[in-house]
Amino acid sequence: MHMNVAPHLLTEDRAEYERVLDDALSTAHARPELAEVGSRLTVAQLRAMTLNATALVTSAAASEYDHFVKVREQNRASVGVRDPDAHDHLGAGSGAGVVAIVTVMVPVLAGAAAVIFLLVGAVLHALAPTVAFGATLLTAGLVFGSLAAAGLLCAAAGLLVTALRNSPVEVSTGGPPAAPDDELSRAREAWRLALLERGILPFLRDALAATPPDPTGP
C-alpha cells in the first residue's frame, strides 16, 4: 500500500525509497548507532515504522529529491523532442506511400497493356498482314513493354533508396550524448545518500532511543 507516500515523493520512486531503507536495515549490525536493533525493536518493526513515516523521513532530503526529479524530467523531455520529427516522417511516409503505389502499379498496368496489344496485334497481323491496324497494335505493345521495363527499374531503385533510408543507425555509447544519463545518475545517488544519512538513519536511531529495551529479548 502506498497510502503514506509523501506529497513530494512520486509513486514511481517509492520502490527506491524502500530499497534504501532495506539496505540500511540489512547493514544495521555494522553501524554503531543501530547496534540495539533486535534488543529494542526488530528489523520488521523498524521497517514498518519508517514506511509509516515516509513523509517525515523523505522531507530531510527534499532538496536533493527535487533536483533529481527536475533532472529526470529534463532528460525525458530531451528524449521526447524527437517525437514531432517522427510524426513528420510518418506524414512524409504517407505521401511517399502514394508514390510507391503508383510506381508499382505503372509497370503492372503497362505490362498488362503490352501483353494485350502484342497478342491482339500478332493475331491481326497473322490473319490480315496487309491491315495496318495490326502493326499499330504491335508498336503500341512494344511501347507499353518499354514503359513496363522502365517502371520496374524505377520501382527497384525506390525500394533500394527506402531500404537505405530505413536502415538502423549506429548509436554511439560514448561521448557527449551520455552526459544527461550521467547527470541523472549523480542526482539519483545524491538523493539516495541524503535520504540515508539525513532521513532514514536519524529516524531509526531516534526510534531505537525512544523505545525501552525488551526485557524478554536477548
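Mentor: Start with burial. Buried means under 20% relative accessible area, exposed over 50%, and partly exposed in between, with a 1.4 Å probe and protein chains only. Y65 is buried, at a relative accessible area of 1%. F68 is buried too, at 2%.

Trainee: What should I know about the model itself?

Mentor: The model is predicted: local features need pLDDT of at least 70, side-chain atom pairs count only at pLDDT 80 or more, and totals for chains, interfaces and linings use all residues. Residues are numbered from 1 along each chain as its sequence is written, and side-chain values use heavy atoms, leaving out hydrogens and water.

Trainee: Where do Y65 and F68 lie?

Mentor: Helices are DSSP runs (H or I, at least four residues), numbered from the N terminus. Y65 and F68 both sit in helix α4 (residues 62-80), three residues apart, about one turn of the helix.

Trainee: Which aromatic pair does Y65 form with W191?

Mentor: Rings of Phe, Tyr and Trp (its six-membered ring) pair if their centres lie within 6.5 Å; planes under 30 degrees apart are stacked, over 60 edge-to-face, the rest tilted. Y65 and W191 form a tilted pair, 4.9 Å centre to centre with 50° between the planes. This pair links distant parts of the chain: Y65 is in helix α4 and W191 in helix α7 (residues 179-209), 126 residues apart. W191 is buried, with a relative accessible area of 1%.

Trainee: How many aromatic pairs are there by this rule?

Mentor: Three. Among them, Y65 and F68 form a tilted pair, 6.3 Å centre to centre with 55° between the planes. Y65, F68 and W191 form one aromatic cluster.

Key: Helices (H or I, at least four residues) and strands (E, at least two) are DSSP runs, numbered from the N terminus.
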